[in-house]
Amino acid sequence: MRNKIKEIALSRIERLFNLAIKMLKERPDLSQRYIEIARKIAMRARVRMGKEKRMLICRHCKRFIFPGVSSRVRLQPRREPHIVITCLYCGKYMRRPLRRERHGETAG
Ligand SMILES: [Zn+2]
């Protein structure tokens, strides 16, 4: 039963993200709203959003940030390669390592 709920939650989140990306230019306000709903669904169903999705939500202000539109993505190849995502709403940044996340790791 529990898994079913998670399954439904994940498919809803998926759809909301797709909608948010689609509406990004015409209705950025709606995009934000969709992401807000997606976050709430994830919290309620206690599912973890995928890595790619988490990269689209600012860790600080929780807004929907899309590369080239509301976030700036920079590659930092020195030492430990990682990308730096700067949120253009709050100006803060988050780092994401480029190497694969180990299974079960709780980064982010
Ligand atoms: Zn932000």
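Which residue just after H2 takes a positive phi? The answer is Arg 46, with a phi of about 55°, and the paragraphs below lead from the overall architecture to helix H2 and back to this residue.

The structure is a predicted model, in which local features need pLDDT of at least 70, side-chain atom pairs count only at pLDDT 80 or more, and totals for chains, interfaces and linings use all residues. Residues are numbered from 1 along each chain as its sequence is written.

The protein chain contains 3 helices and 3 strands; helices (H or I, at least four residues) and strands (E, at least two) are DSSP runs, numbered from the N terminus. Read from the N terminus on, the order of these elements is α-α-α-β-β-β. The C-alpha trace spans about 45 × 35 × 20 Å along its principal axes. Of the 108 residues in the chain, 18% are buried. A residue is buried if 20 or more other C-beta atoms lie within 10 Å of its own, exposed if 12 or fewer, and partly exposed in between, with C-beta atoms placed from the backbone. Two residues are in contact if their C-beta atoms, placed from the backbone, lie within 7 Å. Among contacts between residues at least 6 apart in sequence, 40% join residues at least 24 apart.

The largest nonpolar core has 17 residues, and Leu 16, Ile 35 and Ala 38 touch the most other members. Such a core is a set of buried Ala, Val, Leu, Ile, Met, Phe, Trp, Tyr and Cys residues joined through C-beta atoms within 7 Å. Two or more residues each come from helix H1 (2-23), helix H2 (28-45) and strand E2 (82-87). Not counting residues up to four places away in sequence, Ile 35 touches Leu 16, Ala 20, Ile 57 and Phe 64. Ala 38 lies in helix H2 and counts as buried because it has 24 C-beta neighbours inside 10 Å.

The buried residues of H2 are Ser 31, Tyr 34, Ile 35, Ala 38 and Ala 42. Seen down the axis of H2, these buried residues fall within an arc of 95°, so they line one face of the helix; the arc is that of the directions from the helix axis to the C-beta atoms. An α-helix has 3.6 residues a turn, so residues three or four places apart point the same way. The buried residues of H2 pack against H1, whereas the face turned away from the buried side carries the exposed residues Asp 29, Lys 40, Met 43 and Arg 44.

Arg 46 counts as exposed because it has 10 C-beta neighbours inside 10 Å, and its positive phi occurs in a residue other than glycine. Lys 62, in the loop between H3 and strand E1 (71-76), also is not a glycine and has a positive phi of about 65°. With 15 other C-beta atoms within 10 Å, Lys 62 is partly exposed.
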